[in-house]
Amino acid sequence: MDGATVLAQALRSQGIEYAFGIVGIPVVEVAVAFQSAGIKFVAMRNEQSASYAASAIGYLTGKPGVCLVVSGPGVVHALAGLSNANENCWPVLVIGGASDSHLDGSEAFQEFPQAEAAAKFCKFSARLPSIARIPHFVHKAVKQATYGRPGAVYLDLPGDFVTSSVDSEEIHFPPPLPQPPVTLADPQSVSAAARLLRSARRPLVVIGKGAAQGRAELAVRQLIQSTRLPFLPTPMGKGVAADDHPGCVSAARTRALKQADVVVLLGARLNWILHFGRPPRWTPDVKFIQVDIHPEEFHTNVTCEVALCGSVAAVVEQLSSELHGFEFSSSSDWWRELNAASAANRARVDALIVEGQTVPMTYYSALNELAKFVDNSGDDWLIVSEGANSMDIGRAMLPNRLARRRLDAGTFGTMGVGLGFAAAADLCIGDSRVGHRRVLCLEGDSAVGFSLAELETLARYRMPVLLVVINNSGIYSGVPADVLRQLLQQDGAAPSSGASSASAALRLPATSLTSECRYDLAAEALGGYGRLVRSVGELRQAFAEFAGVRDRPCLINAIIDTGAERKQQEFDWLSRSKL
């Protein structure tokens with residue numbers, strides 16, 4: 001049995017279903033073996049996108065997606081996905097082709113210390129020592145990726161292993177790994193957490209990405225329903241409990257964080273997303289009850305009052321049992337404050353939506369129309385989002401009612417994940433389009449540029465992803481077309497006159513992009529549908545036109561005001577002094 005076949009069968013025996021990558025020397029035969037073994041292989045246009053797609057598979061399914069890349073530069077490009085997955089705690093397995101084992105140290109083609117380089121970005125990294133040992137290392141890699149806190153793993157595959165063969169009797173395929181063990185928190189600590197919650201005057205539950213990763217939605221919803229505690233989801237914790245649940249206080253986020261006295265963190269970390277648990281975003285005497293599967297996570301940045309180490313779903317069930325009979329009063333001062341803050345924030349957003357019924361549109365008018373389409377389409381949307389303002393405002397305006405229906409820049413704040421995530425999401429739901437499940441990819445115009453070529457991938461595999469590009473001609477903000485022309489002609493030269501024109505262009509603001517760039521035409525050229533829209537009415541027409549498309553990607557290029565901004569924030573995450 002040759003090495004490519006051994007690898008494919010080893011992966012399949014561990015339940016691996018999906019792989020992404022770019023083939024070339026020395027892994028062409030590996031991709032063929034994957035397909036022969038029944039692994040769905042998607043050929044991408046860039047290794048970064050392939051690694052992002054494979055990591056999203058891990059989050060959505062609980063089983064690692066595989067990213068297959070060539071040696072040297074291919075592996076280096078895939079390190080982006082390894083690091084992003086490891087920071088997000090998502091299971092992914094990157095397999096890198098490598099120079100032949102007998103040429104180690106000879107400056108062979110694309111020879112590079114790949115396993116050593118990958119080790120810095122993942123939980124486990126190894127160079128395969130022989131063909132016969134491949135199944136053992138696949139078994140170990142999958143276990144490392146999925147047990148405990150999930151994460152990224154890497155295997156280095158020497159090129160001479162791919163086509164060389166060994167006697168099949170020398171190969172042992174380990175049995176499929178059992179599901180990761182469920183662990184419970186210390187009962188005394190659970191009792192202490194319950195006592196603290198019962199005494200709280202301003203309690204808050206924060207639902208993190210780890211609760212979604214841990215499939216804890218049923219347990220979390222039961223806890224919220226029985227206790228009537230207010231809850232706040234982190235960006236990818238959205239949907240574990242529905243955004244439109246009366247207990248959700250996302251619209252009062254600033255008030256909730258600033259005044260809560262006892263906070264339960266469910267699979268959420270006190271990192272930059274939650275402002276490190278420190279003032280001024282939190283009250284100085286706030287007490288944290290943290291639930292996490294990874295003991296090393298406790299007491300990071302601030303000391304937790306109670307640490308509950310275990311599987312999120314199981315620990316939430318323990319906490320619900322200990323809180324039996326407890327219900328936080330909906331007539332409390334805390335609830336009145338949160339409801340008032342939520343109403344005031346919604347009123348401000350509503351005013352911004354009305355003000356944005358103009359040409360060009362604003363973030364709020366465009367995203368409000370998108371939200372109405374999502375709500376009224378009858379489809380079950382999985383939302384992928386990246387960008388700066390587009391992602392942040394879209395997070396607030398596009399509701400999630402089910403767990404694992406949102407993928408965004410995540411803990412690492414990574415841009416360029418969008419189209420790779422979209423391909424993975426569509427592949428996951430494409431096998432059974434029951435319930436009219438579909439992928440929406442909301443992109444800023446800067447973010448979409450990282451992976452625009454993957455539109456061809458979506459078209460080639462007939463993935464009906466709906467992409468909406470919020471185009472303000474820049475990063476954060478753009479330069480109006482007339483001002484751009486003036487800047488380019490400062491030397492008295494026409495924009496096409498060579499060196500002097502280039503010199504003028506080099507003085508453009510670093511955040512500027514091509515004015516009203518035609519991403520819609522790129523979509524058409526790469527095999528999809530594209531539309532340019534400038535008004536709310538045109539946006540509505542484009543949604544209606546593309547609602548029924550099921551055979552290719554569609555891109556709506558929504559032009560908004562270059563100076564459009566988000567509503568004023570009490571605290572700006574970009575300001576270090578406020579953190």
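A: A salt bridge is a side-chain nitrogen of Lys or Arg within 4 Å of a carboxyl oxygen of Asp or Glu. Keep that cut-off in mind. The model here is predicted.

Q: How many salt bridges does the structure hold?
A: The general idea comes first. Side chains of opposite charge can pair when their charged atoms come close. The structure holds 24 such salt bridges.

Q: How far apart are the closest N and O atoms of Arg404 and Glu217?
A: They are 2.7 Å apart, and the two residues form a salt bridge. Now look along the chain. Arg404 sits in the loop between helix H15 (389–397) and S13, while Glu217 belongs to helix H10 (residues 217–227). The partners are 187 residues apart, so this pair links distant parts of the chain.

Q: Are Arg404 and Glu217 buried or exposed?
A: Buried means under 20% relative accessible area. Both Arg404 and Glu217 are buried.

Q: Where do Arg395 and Asp392 lie?
A: Both lie in helix H15, 3 residues apart, which is about one turn of the helix. Arg395 has a relative accessible area of 22%, so Arg395 counts as partly exposed. Asp392 has 13%, so Asp392 counts as buried.

Q: What does the salt bridge between Arg395 and Asp408 tie together?
A: The side chains of Arg395 and Asp408 meet at 3.6 Å, N to O. Arg395 is in helix H15 and Asp408 is in the loop between S13 and H16, so the pair ties together parts 13 residues apart in sequence. Asp408 is buried, at 2% relative accessibility.

Q: Which residues do salt bridges that share partners join into one network?
A: The network holds Asp392, Arg395, Arg406 and Asp408.

Q: What is the strand order in the open sheet?
A: Again, the idea first. Strands of a sheet pair through backbone hydrogen bonds, either parallel or antiparallel. This open sheet has 6 strands with parallel pairing, in the order S13-S12-S14-S15-S17-S16.

Q: Why is one side of S13 and of S16 left without a neighbour in the sheet?
A: S13 (406–407) and S16 (529–533) stand at the edges, and each has a single partner strand.

Q: Over how many bridges do S15 and S17 pair?
A: S15 (residues 466–471) and S17 (residues 554–559) pair over 6 bridges, in the parallel sense. Leu466 stands opposite Cys554 in S17.

Q: Which strands does helix H22 touch?
A: Helix H22 (residues 536–546) packs on the sheet and touches S14, S15, S16 and S17. The direction of H22 makes about 165° with that of S16.

Q: Which strands does helix H16 lie across?
A: Helix H16 (residues 418–430) lies across S12 (380–386), S13, S14 (437–444) and S15. H16 runs at about 175° to S14.

Definitions and conventions:
Residues are numbered from 1 along each chain as its sequence is written. This is a predicted model: local features need pLDDT of at least 70, side-chain atom pairs count only at pLDDT 80 or more; totals for chains, interfaces and linings use all residues. Side-chain values use heavy atoms; hydrogens and water are left out. Two strands pair if DSSP finds at least two bridges between them. Helices (H or I, at least four residues) and strands (E, at least two) are DSSP runs, numbered from the N terminus. Contact means heavy atoms within 4.5 Å. Axes are lines fitted to C-alpha atoms, for helices over the stretch in contact, and angles run from 0 to 180 degrees between N-to-C directions. Buried means under 20% relative accessible area, exposed over 50%, partly exposed in between (1.4 Å probe, protein chains only).
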